[in-house]
Amino acid sequence: IPEAAAQADKALIARGALLYKSNCIQCHNRDPNLKGAIGPEMVDAPLEVMTSKVMTGVYPAILPPGFVPKRKSKAMRKIPKLQKDIPAIYAWVQSVKKKK
């Protein structure tokens, strides 16, 4: 079973990479560790923040403890069609996070 879980994780991350590259790099950097032309780096955004931004275009009313938005702009457009895919995008972003 651990092998099946590892394969599922790889599939989730691969799907997230494809979705990120086809939906997010118009505004965010190809490397989510870096600032994009419009959008900030994404690696430090918790899943609940990413979910709120994708679904509503704005940060959650109550931010997770310790999270500070990188930009105050309201340029994020909502992309509700990605709702079921947010965990995959998040998994890929976290998989490429550079260790500090």
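Is Asp-85 buried or exposed, and what is the relative accessible area of Asp-85? Asp-85 has a relative accessible area of 6% and is therefore buried (buried is under 20% relative accessible area, exposed over 50%, partly exposed in between, with a 1.4 Å probe and protein chains only). The model shown in these views is predicted, with local features needing pLDDT of at least 70 and side-chain atom pairs counting only at pLDDT 80 or more, while totals for chains, interfaces and linings use all residues. Residues are numbered from 1 along each chain as its sequence is written, and side-chain values use heavy atoms, without hydrogens and water.

**View 1. Salt bridges of Asp-85 with Arg-15 and Lys-84.** Arg-15, Lys-84 and Asp-85 are linked in a network of salt bridges (a side-chain nitrogen of Lys or Arg within 4 Å of a carboxyl oxygen of Asp or Glu). Between Arg-15 and Asp-85, the closest N and O atoms are 3.0 Å apart. This pair links distant parts of the chain, 70 residues apart: Arg-15 is in helix α1 (residues 2-23) and Asp-85 in the loop between α2 and α3. Helices are DSSP runs (H or I, at least four residues) numbered from the N terminus. The salt bridge of Asp-85 with Lys-84 has an N to O distance of 3.4 Å. Arg-15 is partly exposed at 38% relative accessibility, and Lys-84 is exposed at 65%.

**View 2. Salt bridge between Lys-98 and Asp-31.** The closest N and O atoms of the pair are 2.9 Å apart. Asp-31 has a relative accessible area of 21% and is partly exposed. The count of salt bridges comes to five.

**View 3. Packing of helix α2 against helix α3.** Helix α2 (residues 47-56) and helix α3 (residues 86-95) pack at an angle of about 130°, and their axes are 10 Å apart. Axes are lines fitted to C-alpha atoms, for helices over the stretch in contact, and angles run from 0 to 180 degrees between N-to-C directions. The two helices are therefore oblique to each other (angles under 35 degrees are roughly parallel, over 145 roughly antiparallel, 65 to 115 roughly perpendicular and the rest oblique). Leu-47, Met-50, Thr-51, Val-54 and Met-55 of α2 make the contact with Ile-86, Pro-87, Ile-89, Tyr-90 and Val-93 of α3 (heavy atoms within 4.5 Å).
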